[in-house]
Number of protein chains: 2
Amino acid sequence: MKPPSALAELIDALRVLPGVGPKSAQRMAFHLLQHERDGAGRLARSLDAAAARIRRCQMCNTFTEDELCELCSAGRDGRRDGTTLCVVETPADLAMMEQTHAYKGLYFVLMGRISPLDGVGPAEVGFERLMARVCAGGIAEVVLATNFTHEGEATAHFIAEAVKARAPGVRVTRLARGVPVGGELEYVDPGTIAHALQDRRESS
Amino acid sequence: MKPPSALAELIDALRVLPGVGPKSAQRMAFHLLQHERDGAGRLARSLDAAAARIRRCQMCNTFTEDELCELCSAGRDGRRDGTTLCVVETPADLAMMEQTHAYKGLYFVLMGRISPLDGVGPAEVGFERLMARVCAGGIAEVVLATNFTHEGEATAHFIAEAVKARAPGVRVTRLARGVPVGGELEYVDPGTIAHALQDRRESS
């Protein structure tokens, strides 16, 4: 049986979502049509509104509805520490950093990580915009908070080398590696324990 | 950081999809905004079109854009066998039955299964519409193809008893249980093997 065309079209359109294959898309479409017609309408309106209104922050590259995002505006008004710049891969990572309430500086969002195999080079992650900002002065420290994956580590290394070469006065740091809170040594991988041992600190 | 409101609204709206929690919704929203703005627009239009055009088939209860679905129309024109009625839980199950190319009759789609714990009784699965159709005459066999879960089995039992009581001339059958194609006995559960043994058939 060929499904009705509006249904086939909806199933196909749902596959634009990450991690949604043909089976999930079909399940989602049936669920929406059977139980969530109002929710489907609301989703359609939200998609249009988001596509129309959301753009990139001129300073940090994250998603915003204004010229500058909330955090960069706060930095301009002196309500955040403009001398520290934290480099993250995605807005989700930025949100996670903010949830810690342990960081008061500003951000630069790469919107990706350098990954030559996927065709993502420095240009695709706004590298020159980042360097221009770092070299413009006023920034004392760059905190590299990319993921601890191969690509994230390579991206951090690439940025660290560039900052050291082109802005020698700027301190470059990386988030510490170590045993996670609540972690049991028995179940943590040896590489992590090796890093935690190397970076051990005086007991307070 | 409070995300911009159109973004927060989109993340919240995406949670209407089955199996999508706050983290997945955030990931989907960021993905759409960064890589799939066109796809997001297409999804919005598909959602609206589907909600506006798709309704229930007057005969079998499945999704359709017309009065009757394609299969029921074919049944009315004599291109499908109108004397056999297969009862399935969802349009996805109907599509799976059709993919076998082994069934030429018509369907009734319950759009669910009887599950008193979830507040789903016979009325919620269109039981009386099904019985009216079976009792109206012209149907020689009802094939119960609900899932082999507790609820699916209970639903099949409930319908079987009702058909036997109210339409005694109609044959009621259930899909066979047994070892799946490609199944290795060592890895099939004992309950399935017990059924396969009980329903064993002459080697052809």
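Predicted model: local features only at pLDDT ≥ 70, side-chain atom pairs only at ≥ 80, totals over all residues.
1. The interface. The contact between the chains draws on 54 residues of chain A and 53 residues of chain B. Putting the two chains together buries about 4,900 Å², and carbon and sulfur atoms account for 67% of that area. The rule finds 18 residue pairs in polar contact across the interface of chain A and chain B, both residues being at pLDDT 80 or more. Four salt bridges are also found across the interface.

2. The side of chain A that touches chain B. Several elements of chain A supply at least two residues each to this side: helix 1 (5-14), helix 2 (22-35), helix 3 (37-53), strand 1 (55-56), strand 2 (63-64), helix 4 (70-76) and helix 5 (91-99). Helix 3 of chain A gives the largest share, 14 residues. Sorted by class, this side of chain A has 30 nonpolar, nine polar and 15 charged residues.

3. Salt bridges between the chains. R42(B) and D12(A) meet through their side chains in a salt bridge, with 2.6 Å from N to O. The pair runs from helix 3 (residues 37-53) of chain B, where R42(B) sits, to helix 1 of chain A, which holds D12(A). R42(B) is partly exposed at 30% relative accessibility, and D12(A) is partly exposed at 41%. E9(A), D12(A) and R42(B) are joined into one network by salt bridges that share partners. A further salt bridge pairs R42(A) with D12(B), where the closest N and O atoms are 2.6 Å apart.

4. Salt bridges within a chain. Over all chains the count comes to 24 salt bridges. One of them pairs R113(A) with E89(A), the closest N and O atoms being 3.0 Å apart. This pair links distant parts of the chain, 24 residues apart: R113(A) is in the loop between strand 4 (105-109) and helix 6 of chain A, and E89(A) is in the loop between strand 3 (81-88) and helix 5 of chain A. R113(A) is partly exposed, with a relative accessible area of 31%, whereas E89(A) is buried, with 1%. In chain B, the side chains of E128(B) and R166(B) form a salt bridge of 3.1 Å, N to O. E128(B) is partly exposed at 48% relative accessible area, and R166(B) is partly exposed at 44%.

5. Cysteines. The structure holds zero disulfides over all chains. In chain A, the cysteine sulfur closest to that of C69(A) belongs to C60(A), at 3.6 Å, which is too far for a bond. C69(A) is buried, with a relative accessible area of 2%. In chain B, the sulfur of C60(B) has its closest cysteine sulfur in C69(B), also at 3.6 Å and too far for a bond. C60(B) is buried too, at 1% relative accessible area. The cut-off used for a disulfide is 2.5 Å between the sulfur atoms.

6. Two buried helix residues. T155(B) is in helix 7 (residues 150-166) of chain B and is buried at 0% relative accessibility. A polar atom of the T155(B) side chain lies 2.9 Å from the backbone nitrogen of I114(B). Leaving aside residues up to four places away in sequence, T155(B) touches L110(B), R113(B), I114(B) and T146(B). M131(A) is in helix 6 (residues 127-135) of chain A and is likewise buried at 0% relative accessibility. With the sequence neighbours up to four places away set aside, M131(A) touches A162(A), V163(A) and R166(A). The C-alpha atoms of M131(A) and V163(A) are 7.2 Å apart, although the two are separated by 32 residues along the chain.

7. Backbone angles worth checking. N61(B) is not a glycine, yet its phi is positive, about 80°. N61(B) sits in the loop between strand 1 (55-56) and strand 2 of chain B and is buried, with a relative accessible area of 6%. M111(B), also a residue other than glycine, has a positive phi near 60°. M111(B) is in the loop between strand 4 (105-109) and helix 6 (127-135) of chain B and is buried at 7% relative accessibility.

Definitions and conventions: Residues numbered from 1 in each chain as written. Chains lettered and ligands numbered in written order. Heavy atoms only, no water. Contact = heavy atoms within 4.5 Å. Buried area = accessible area lost by both parts, 1.4 Å probe. Polar contact = N/O pair within 3.5 Å; in protein donor to acceptor, adjacent residues only side chain to side chain. Helix = DSSP H or I, 4+ residues; strand = E, 2+ residues; numbered from the N terminus. Nonpolar A, V, L, I, M, F, W, Y, C, P; charged D, E, K, R; others polar. Buried < 20%, exposed > 50% of the residue type's maximum accessible area, 1.4 Å probe, protein only.
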